[in-house]
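Morning, everyone. Please have the sequence and the model open.

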Amino acid sequence: MDRVGKLASQKAVVIFSKSSCCMCHAIKRLFYDQGVSPAIYELDEDARGKEMEWALVRLGCNPSVPAVFIGGKFVGSANTVMTLQLNGSLKKLLKDAGAIWL
């Protein structure tokens, strides 16, 4: 749990992902298309990935990936991020976190 928190606070946008997950790919693409350069941790390629996945589940992320943190705070998974994008509030969160400037 401590490792997830530490990693999540190291950059404006952090995504915990799995390389084989299509929703993870879509969420990463969404951020790249907005000009954001997120820190991405592929849990299926990390030796401690299972441990971090359980920590994400305990945080309330269900499914466990993609798990998106903006400004060090857990935002949610794909459904939440897509809802924020559609209602226009994702851009404000990204600006407030310093991930984008425009």
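A definition before anything else: contact here means heavy atoms within 4.5 Å. Angles run from 0 to 180 degrees between N-to-C directions. And keep in mind that this is a predicted model.

With that in hand, take α4. Helix α4 lies across β3 and β4. It runs at about 85 degrees to β4.

Now the sheet. In what order do the four strands come? The order is β2-β1-β3-β4, in an open sheet with mixed pairing. The edges are β2, residues 39-42, and β4, residues 73-76. Each of those pairs on one side only. Neighbouring strands are turned by 25 degrees against each other on average, ignoring direction.

Look at β3, residues 67-70. It pairs with β4 in the antiparallel sense, over three bridges.

Next, helix α2, residues 22-33. It packs on the sheet and touches β1, β2 and β3. The direction of α2 makes about 165 degrees with that of β1, residues 13-17.

Last, the helix pair. α4 covers residues 78-86, and α5 covers 89-97. Their axes come within 5 Å and cross at roughly 100 degrees. Angles of 65 to 115 count as roughly perpendicular, so α4 and α5 are roughly perpendicular to each other. Which residues make the contact? From α4, Val 81, Leu 84 and Gln 85. From α5, Ser 89, Leu 90 and Leu 93. By class, that contact has four nonpolar residues, two polar and no charged ones.

Conventions
Residues numbered from 1 in each chain as written. Predicted model: local features only at pLDDT ≥ 70, side-chain atom pairs only at ≥ 80, totals over all residues. Heavy atoms only, no water. Helix = DSSP H or I, 4+ residues; strand = E, 2+ residues; numbered from the N terminus. Parallel < 35°, antiparallel > 145°, perpendicular 65-115°, else oblique. Nonpolar A, V, L, I, M, F, W, Y, C, P; charged D, E, K, R; others polar. Pairing = 2+ DSSP bridges.
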